[in-house]
Structure formats: structure tokens, C-alpha cells
Amino acid sequence: VACRVAAVAVDPTSGCAWSLLGQSLLAAGDVDRARAVCEHGRDLPPPHVDHILNLGNARFAAGDLDGALAAFELALEADPEFSEAATNQAHALLEAGQAERALQVIEDVLAVQANLETAHQIRARALSALGRRADAEAALRDALVRLPKGARLYQTLGEMLGKRGDEAGVLDVLARGIDACPDAFALHFNRGNHLLEAERYEEALAAFSRAVELRNDDADAWNNRGLALRGLGRMAEAAEALRTAVALDPMYVAAISNLGGTLDDLNDLDAAIDAYLWAVELDPEFDEAWHSLGVTYMKQGRAEESIRAFERSAAIDPESAITIYLIGVVHCDIRRDFDAAIERFREAIAIDPAPAFFYIAQALAHRRKGDPLGAIPVLEEATRRNPKSVRAWSDLGGVCFELERYDESIAAYERILAFAPQHVPSRVMLVRLLADCPDESIRRPDDAVKHSTQVCEAAADQPPAWVFHA
């Protein structure tokens with residue numbers, strides 16, 4: 001870019017100099033300046049078809065599809081055999097939703113130049129856009145026979161397999177692509193993404209590590225490498241990878257937020273808060289960062305700041321039940337405002353009635369405010385939502401015990417043992433109830449002995465408190 005700026009300075013009337021500067025700016029990712037430069041130089045002498053092509057490319061990159069198509073059409077009028085202009089025209093037509101026309105153009109290109117990798121890629125995408133997905137995949141496989149080192153062909157085939165949910169097929173295609181093109185950054189990076197999604201963190205780490213070897217200035221690759229390390233529990237290394245991503249792109253809000261989460265995992269809560277505040281300063285609508293900021297404030301016991309962060313997240317995403325639930329947790333555990341907590345738990349349940357732990361939290365707030373009767377129907381609903389929730393049944397048993405509803409308490413603990421027979425605390429409570437229940441009619445000494453024996457066997461290595469009642 002610097003050299004071509006100098007060339008323009010030497011001869012500002014040269015259309016060639018301006019066009020080449022635009023081409024370099026586009027390659028550097030500076031789309032707006034590239035377009036402005038190409039537009040400036042388009043009428044300067046000497047006229048050349050490459051200048052028109054560069055103008056079309058700059059317009060395409062800027063999202064001006066009509067302008068790009070007009071430029072490519074001009075280039076083809078000047079040189080009907082200009083395959084690069086025709087290929088780029090087909091790409092623009094495809095992006096403009098004209099898949100049928102794009103297919104016609106690209107098939108004309110391939111009839112003349114059958115070894116153009118990009119042309120095969122566009123043809124497959126046009127077929128897919130027309131609903132001919134099997135034909136698209138077959139076209140890519142045929143193209144790979146002709147061009148076995150076509151990295152973009154492997155990439156596109158992997159994308160198509162992913163769209164129909166064939167994750168094993170995606171990983172296989174990308175692995176074959178890597179075997180054929182070991183230095184193809186995109187193949188390593190995208191394989192890493194699929195492995196990360198599958199929580200295969202060791203393999204994902206290997207893929208992203210190779211990606212950053214090939215392109216150590218790619219912030220996305222460093223960010224995802226950090227996520228893989230975080231998935232492996234290697235938090236200090238993850239933080240370093242994420243810091244590298246942020247250093248490469250200080251506006252990369254997702255990486256900044258991920259760094260905040262990793263610092264939180266390292267218990268460096270002040271630094272985590274700084275990262276989240278940086279992320280939401282850059283993107284005030286980034287609800288996940290606001291949510292995470294609320295969680296970290298909550299860990300520090302900073303109730304009002306936590307609630308403000310959660311409220312901001314909920315304003316951006318009002319359907320996030322978990323955020324509303326956490327506001328309730330702050331009211332319940334830190335502010336000790338149990339009525340406010342119950343209200344927020346009810347709001348969370350209204351948004352998403354499925355999670356049993358929403359009901360368990362609401363029931364706890366009822367108990368803490370001295371309303372055990374109010375807790376019972378809520379816990380009963382929790383057990384309906386998740387019939388194998390040890391916590392729901394255990395809390396229900398505990399509330400019934402407090403209220404001297406001993407039969408119901410015993411039934412709750414026995415229900416736990418039906419699906420979790422190794423749950424020692426439930427057996428301890430049953431021993432207590434069946435051996436020492438204040439209501440003598442409830443006592444079942446023989447059953448108490450059976451349970452106490454199993455407690456002793458299960459808790460042989462536990463502190464004596466576990467076997468006290470036994």
C-alpha cells in the first residue's frame with residue numbers, strides 16, 4: 001500500500017496507479033478506501049480492463065452488488081474472454097439472489113477453463129441455492145478429482161455437509177483437505193471450530209495451534225485457541241491466547257468478553273470486571289457481556305451493581321430467563337429481599353417453565369421468609385418438571401419435616417432412593433425419621449436398621465457426622 005501511495009503521488013493522473021492502490025487496499029481489508037480510490041481512478045488514462053475489474057471487486061466488497069455487476073459487465077464488454085470478470089460476475093449474481101443466472105455464467109466459464117477452483121466453488125453454491133444440494137455436493141467431489149489440492153473446494157463441501165447436520169462428514173472432508181493442503185489456514189481453522197462445538201477440546205486446540213502457526217496475526221484463531229484451552233481447564237494459557245487476540249484486534253468485543261470469563265475462572269474478579277466493562281463500552285448492546293458482568297459482581301457481593309448489569313442484559317434480551325433468575329438469586333442471597341426474589345423467580349418461570357432449579361430457588365426464598373407452606377407447591381412443581389431432581393425431592397422432604405408432615409417427608413426421601421440409591425443424606429434422614437420420629441406411629445425400626453446399615457457401608461470413609469444417626 002505504501003509503495004502504491006507513493007506511485008500515485010508521483011503521477012496522480014495515472015489510472016493504473018490508482019487502480020493498483022485500490023487493489024492493495026482491498027487486499028489489506030480497507031474496503032471503504034479501496035472503493036473510493038477505484039472510483040477516483042476509473043476515468044483516468046490509460047483505460048484498462050483490469051481497472052474496471054478492480055472497481056467491481058471494490059464495489060462488491062462494499063456491498064454494492066448492482067454497482068459491482070455493472071462494472072463486471074463493462075469489463076466483459078471490453079474483453080468477452082476475461083474469465084476472472086465472468087467468475088466474479090457469477091459470484092455477485094449469486095449474492096444478489098440470481099442463482100439461475102449465476103449458474104449459467106459460471107458453467108460458460110468452466111466450459112473454457114475447467115481448472116478454475118473458484119469457478120467450481122461458485123457453481124456448487126449456485127446449485128445449492130437452487131435447492132439441488134445433492135448435485136452441489138457431487139459437483140464438488142467431481143471437482144476435487146480434477147483439483148485434489150483445491151482447499152476452497154474442501155471448505156465448501158464441508159460447509160454443505162454441515163448444513164445438513166453431517167458433522168462426521170464435515171470433519172472427514174476437512175481432514176482430507178488438510179492432508180492434501182497442509183498449509184491451508186481456513187481448513188485448520190474451520191476444523192477447529194467444529195471440534196470446539198463438539199467439545200473435543202484437545203483436537204480443537206491442535207487445529208487452532210496449527211492455524212496460528214500459519215497465520216499468527218489472525219485474532220479469530222487466537223480467540224478460538226483460547227476457548228479450546230479454557231475447555232481443557234488450562235486457564236492461564238487461555239488468558240494469554242485471548243490477550244493475544246485482543247492485542248491483534250482491540251475492538252474484538254467477543255474476545256474481550258471471553259478474556260473476562262477466563263479471568264473470572266482464574267478468580268481475578270477485578271480484572272474480569274475491567275474486561276467486561278471494556279466489552280460493553282465498545283458494544284453497549286452486547287447482552288452476554290452485561291450478563292457475565294452481573295455474575296462477577298454477584299460473586300463479589302456487589303448486589304446493586306450486579307442487578308444493574310443483569311437488568312441491562314435483560315433489557316437487550318428480555319427472553320433470557322436465566323438472567324431474570326439470577327436477579328432473583330441476588331435479591332435472595334445478597335440483599336435478603338425475599339419478596340423481590342420470589343417475584344423475579346416467577347418472571348423467569350413465566351418465560352421458561354421447564355428448569356426445575358427455578359422452582360427450587362423460589363421455594364428457598366419462601367422458606368427464608370418464613371413461609372414453608374408456600375414452598376411446598378413450588379417444590380412439587382419442581383419434581384413434576386424433573387422427577388429425578390435430588391435437590392427438589394430433598395428440599396420437599398425437608399420442608400415437610402419442618403411442618404411435621406412426616407409421612408410426606410419419608411415419601412420424598414424414599415423417592416430419591418428409588419432413582420439414586422447411593423444418596424447417603426437421604427438414607428440418613430430416613431434413619432432419623434424411621435427410628436426417632438416424634439410421631440411414634442410413623443416409626444419403622446426394622447427399616448431404620450436396614451437404612452443405617454447401608455449408610456455405614458456407603459459412608460465408611462466419611463466423617464462421623466454422616467453416621468451419627470445410624
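This is a predicted model: local features need pLDDT of at least 70, side-chain atom pairs count only at pLDDT 80 or more; totals for chains, interfaces and linings use all residues.
Of the 470 residues in the protein, 47% are buried.

## Overall dimensions and fold

The secondary structure of the protein consists of 27 helices, with zero strands. Taken along the principal axes, the C-alpha atoms fill a box of roughly 105 × 50 × 40 Å, and the radius of gyration is 32 Å, whereas a compact globule of 470 residues would have a value near 23 Å.

In soluble globular proteins, nonpolar side chains tend to be buried together. The largest nonpolar core of this model has 50 residues, and Tyr325, Phe345 and Leu379 are those with the most contacts inside it. At least two residues of this core come from each of α19 (303-316), α20 (321-335), α21 (338-351), α22 (356-368), α23 (372-385), α24 (390-402), α25 (406-419) and α26 (424-436), and α20 gives the most, with eight residues.

Leaving aside residues up to four places away in sequence, Phe345 touches Tyr325, Gly328, Val329, Cys332, Phe358, Ala361, Gln362 and Ala365. Apart from the core of 50 residues lies another core, of 45 residues, which includes Leu76, Ile106, Ala119 and Ala184.

Technical notes: Residues are numbered from 1 along each chain as its sequence is written. Side-chain values use heavy atoms; hydrogens and water are left out. Helices (H or I, at least four residues) and strands (E, at least two) are DSSP runs, numbered from the N terminus. The radius of gyration is taken over C-alpha atoms; the globule rule is 2.2 Å times the number of residues to the power 0.38. Buried means under 20% relative accessible area, exposed over 50%, partly exposed in between (1.4 Å probe, protein chains only). A nonpolar core is a set of buried Ala, Val, Leu, Ile, Met, Phe, Trp, Tyr and Cys residues joined through side-chain atoms within 4.5 Å. Contact means heavy atoms within 4.5 Å.
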